[in-house]
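I opened my notebook for a friendly look at helix packing and charged pairs. Here is the model I worked from.

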Amino acid sequence: MRWVKESIGYWCEDTVSGKFTGQGVCAAVLDTGIALHPDFDSRILEFKNFTGNKQEIHDDSGHGTHVSGILAGSGKQSGGNYAGMAPHAGLLIGKVLDKEGNGAVHTVLNGIEWIFQMRRKHPIRIVNISVGTQPDLEERQKTLLLEAVEDLWNEGMVVVVSAGNYGPGAGTVAVPGNSPKVITVGVPDNVEAFAKALPVQSKGKLKNYSGRGPTDTCVVKPDVLAPGTGIISCNSRFKNRREGFYTMKSGTSMATPVVSGAIACLLSKEPDMTNVEVKLKLRSSCVEQDKEMGWGMLHVGKLLS
């Protein structure tokens, strides 16, 4: 496994040849679903749709497939170039968002309850939630969602959530990313560094967008930063030859599975670590600290050392 330093931090160049690549680790992803992309091999262990009656594995949005590819895609269709962070991890997929990427709190809560049920069958260690609520959500709904993700944490699972894209103003971190227990992931404020690499049509949209604290209880958020701008991962529409097997997306939703995948690699190496120990190890291994943005930038080499 080799790591190269790019303009915003440390990034994985080749996870496929590494020793600790998520083997033996199950990660649950609550999102828009997942497509049967070749890069997932036979590692989609469970799928359940909470937004409709169709229970066949699918993703009518593409967001969830992209997220899962970042976390655990094998990179098979790219010769390993676009492998995810933990290409041997198992995936449990709960579809809690519709084809537009929208969802209700109750569908997310149902997905969380399903994870508790599935834990009797699969050793789920990580829960990736690249979902954030709108700022105007009523307080009762926010409280229900916060309590649910903290229940997952209290049960011993490592819960990794996105900071949301409502930044860069203060107090813009999305719920449930404002929970002091879970690991909240943001994107660093130098997305311009990727301008030369992005397609021409994307350059005009670049801005600092990552949500951040402080929260209502004065907690600094996000906890950790990771690459999220211009990330290439699995395309749910890969059967359309014009679109191809991979596509590019940006957002804290993309940064979140980078961290989840890195944690899956860590748990491959140290399977007995608790979620609290994982959080402390992640915190101590971050680099380029920013007092306004938590612990700093993810450094996978140090995380696995």
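I started with helix H1 (residues 63–72) and helix H5 (residues 252–269), whose axes come within 7 Å and cross at roughly 30°. This is a predicted model. I noted the crossing of H1 past H5 as right-handed.

Next I listed who meets whom. From H1 I have His 63, His 66, Val 67, Ile 70 and Leu 71, and they meet Ser 253, Met 254, Pro 257, Val 258, Ser 260 and Gly 261 of H5. Sorted by class, this contact holds six nonpolar and five polar residues, with no charged ones.

Then I turned to salt bridges, and a search of the whole structure gave me seven. I looked up three of them.

Asp 41 and Lys 76 pair through their side chains at 2.8 Å, N to O. Asp 41 sits in the loop between strands S3 and S4, and Lys 76 in the loop between H1 and strand S5, so the pair ties together parts 35 residues apart in sequence. I put Asp 41 down as partly exposed, at 39% relative accessibility.

Glu 46 and Lys 121 also form a salt bridge, 2.8 Å from N to O. Here Glu 46 is in strand S4 and Lys 121 in the loop between helix H2 and strand S6, 75 residues apart.

My last pair was Asp 60 with Lys 95, a salt bridge of 2.8 Å, N to O. Asp 60 lies in the loop between S4 and H1, and Lys 95 in strand S5. I have Asp 60 as partly exposed at 36% and Lys 95 as buried at 0%.

One more note: salt bridges with shared partners join Asp 41, Arg 43 and Lys 76 into one network.

Methods: Residues are numbered from 1 along each chain as its sequence is written. This is a predicted model: local features need pLDDT of at least 70, side-chain atom pairs count only at pLDDT 80 or more; totals for chains, interfaces and linings use all residues. Side-chain values use heavy atoms; hydrogens and water are left out. Axes are lines fitted to C-alpha atoms, for helices over the stretch in contact, and angles run from 0 to 180 degrees between N-to-C directions. Helices (H or I, at least four residues) and strands (E, at least two) are DSSP runs, numbered from the N terminus. A crossing is left-handed if the near helix is turned anticlockwise from the far one by less than a right angle, and right-handed if clockwise. Contact means heavy atoms within 4.5 Å. Ala, Val, Leu, Ile, Met, Phe, Trp, Tyr, Cys and Pro count as nonpolar, Asp, Glu, Lys and Arg as charged, and the others, Gly among them, as polar. A salt bridge is a side-chain nitrogen of Lys or Arg within 4 Å of a carboxyl oxygen of Asp or Glu. Buried means under 20% relative accessible area, exposed over 50%, partly exposed in between (1.4 Å probe, protein chains only).
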